[in-house]
Amino acid sequence: MATAATRSSDRRISPVFLGIAAIMAVTGWAVWTDFAPNPGIAVFLFVTSGWIVSLCLHEYAHARTALHGGDLTIGAKGYLTLNPLKYTHALLSIVLPVIFVIMGGIGLPGGAVFIERHRIQGRWKHSLISAAGPLTNVLFAIVCTAPFWLGALDGVPVAFRFALAFLALLQVTAAILNFLPVPGLDGYGVVEPWLPYSIRRHVEPYAPFGLLAVFGVLFIPGVNQAFFDGIYALLSGLGVSDPESYCGQNLYRFWTDPHPLCEAALSR
């Protein structure tokens with residue numbers, strides 16, 4: 001039986017996560033104050049660390065919900081410490097999502113925490129565990145876009161506004177992709193408990209390839225265009241304009257030539 005001291009250590013926030021959060025705070029301050037000589041590098045570090053923080057919180061939400069659902073092994077696995085190094089698939093959960101942000105500006109969902117589903121009783125609990133992760137991305141997106149839809153941008157530096165807009169775009173894409181009812185993604189995990197056993201048994205072998213299939217489909221120009229049109233329309237409804245999210249990505253990719261419109265906005 002786990003002692004109180006053991007349970008406490010299993011749930012203590014990891015120094016690794018605190019370090020990533022500190023990078024987010026410091027680089028966010030550098031973007032806000034225009035302290036960095038190259039704002040693009042500061043935006044890159046701020047958005048990347050913010051994205052990793054959101055990934056950690058995404059997986060934490062899965063783990064915490066599973067713990068309350070009945071899987072008491074979660075704590076011993078280290079998932080409640082928010083340490084990304086404890087994840088079952090750190091490559092899928094942290095490394096690949098960051099690479100895809102750098103390459104294409106898309107919030108690629110990952111899969112990490114191993115939940116012992118046989119310990120959890122009730123279909124609603126299973127669905128909630130799967131939904132908890134992408135709902136965290138939704139909450140993160142609401143926080144990032146709050147200054148826009150609340151009309152509270154007075155005094156907010158342009159570079160910081162652009163960075164928030166791009167970070168919001170990543171959260172929105174992550175939430176939407178995660179909620180797709182595709183095997184291997186959280187959306188399928190939400191509906192799976194309600195499907196007949198015969199369907200679940202036939203679909204299960206394809207789960208490891210679901211994310212790859214989604215990514216492959218997004219490479220189709222027409223699908224990619226329609227997907228991002230929907231993303232930009234949603235962001236527009238939250239008060240974030242297309243130029244703001246675009247310039248955020250343009251700033252983030254500091255190794256590329258800055259767009260003249262973005263440069264002009266920063267120089268005002």
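This is a predicted model: local features need pLDDT of at least 70, side-chain atom pairs count only at pLDDT 80 or more; totals for chains, interfaces and linings use all residues.
Two packed helices are described by the angle between their axes and the distance between the axes. Helix H3, which spans residues 39-69, packs with helix H5, residues 123-149, at an angle of about 155°, and the two axes lie 8 Å apart. Angles over 145 degrees count as roughly antiparallel, and H3 and H5 are therefore roughly antiparallel to each other. The crossing in which H3 passes H5 is right-handed. On the H3 side, the contact includes Gly-50, Trp-51, Val-53, Ser-54, Leu-57, His-58 and Ala-61; on the H5 side, the residues include Lys-125, Leu-128, Ile-129, Ala-132, Pro-134, Asn-137 and Phe-140. By class, the residues of the contact of H3 with H5 comprise ten nonpolar, ten polar and one charged.

H5 also packs with H6, again at an angle of about 155° and with axes 8 Å apart. This angle makes H5 roughly antiparallel to H6. Here, H5 passes H6 in a left-handed crossing. From H5, the contact draws on Pro-134, Asn-137, Val-138, Phe-140, Ala-141, Cys-144, Thr-145, Pro-147 and Phe-148. Its H6 partners include Arg-161, Leu-164, Ala-165, Leu-167, Ala-168, Gln-171 and Val-172. The contact of H5 with H6 has 14 nonpolar, four polar and one charged residues.

In H6, Ala-168, Leu-169, Val-172, Thr-173, Ile-176 and Leu-177 meet Phe-227, Ile-231, Tyr-232, Leu-234 and Leu-235 of H10. This contact of H6 with H10 has ten nonpolar residues, one polar residue and no charged residues.

H10 (221-237) also contributes to the lining of the second largest pocket, where H4 (90-104), H9 (210-218) and H10 each supply at least two residues. About 230 Å³ of space lies in this pocket. The lining is formed by Phe-100, Met-103, Gly-104, Ile-106, Phe-215, Leu-218, Phe-219, Asn-224 and Phe-228. Its largest share, three residues, comes from H4. Seven nonpolar and two polar residues make up the lining of the second largest pocket, with no charged residues.

Note on methods
Residues are numbered from 1 along each chain as its sequence is written. Side-chain values use heavy atoms; hydrogens and water are left out. On a 1 Å grid over the protein atoms alone, a cavity is a set of points where a 1.4 Å probe fits but cannot get out, and a pocket is an open set with protein on both sides within 12 Å along at least five of seven lines; lining residues have an atom within 4 Å of a point. Grid points are joined across faces, edges and corners, and a volume is the space filled by probe spheres set on the points. Helices (H or I, at least four residues) and strands (E, at least two) are DSSP runs, numbered from the N terminus. Ala, Val, Leu, Ile, Met, Phe, Trp, Tyr, Cys and Pro count as nonpolar, Asp, Glu, Lys and Arg as charged, and the others, Gly among them, as polar. Axes are lines fitted to C-alpha atoms, for helices over the stretch in contact, and angles run from 0 to 180 degrees between N-to-C directions. Angles under 35 degrees count as roughly parallel, over 145 as roughly antiparallel, 65 to 115 as roughly perpendicular and the rest as oblique. A crossing is left-handed if the near helix is turned anticlockwise from the far one by less than a right angle, and right-handed if clockwise. Contact means heavy atoms within 4.5 Å.
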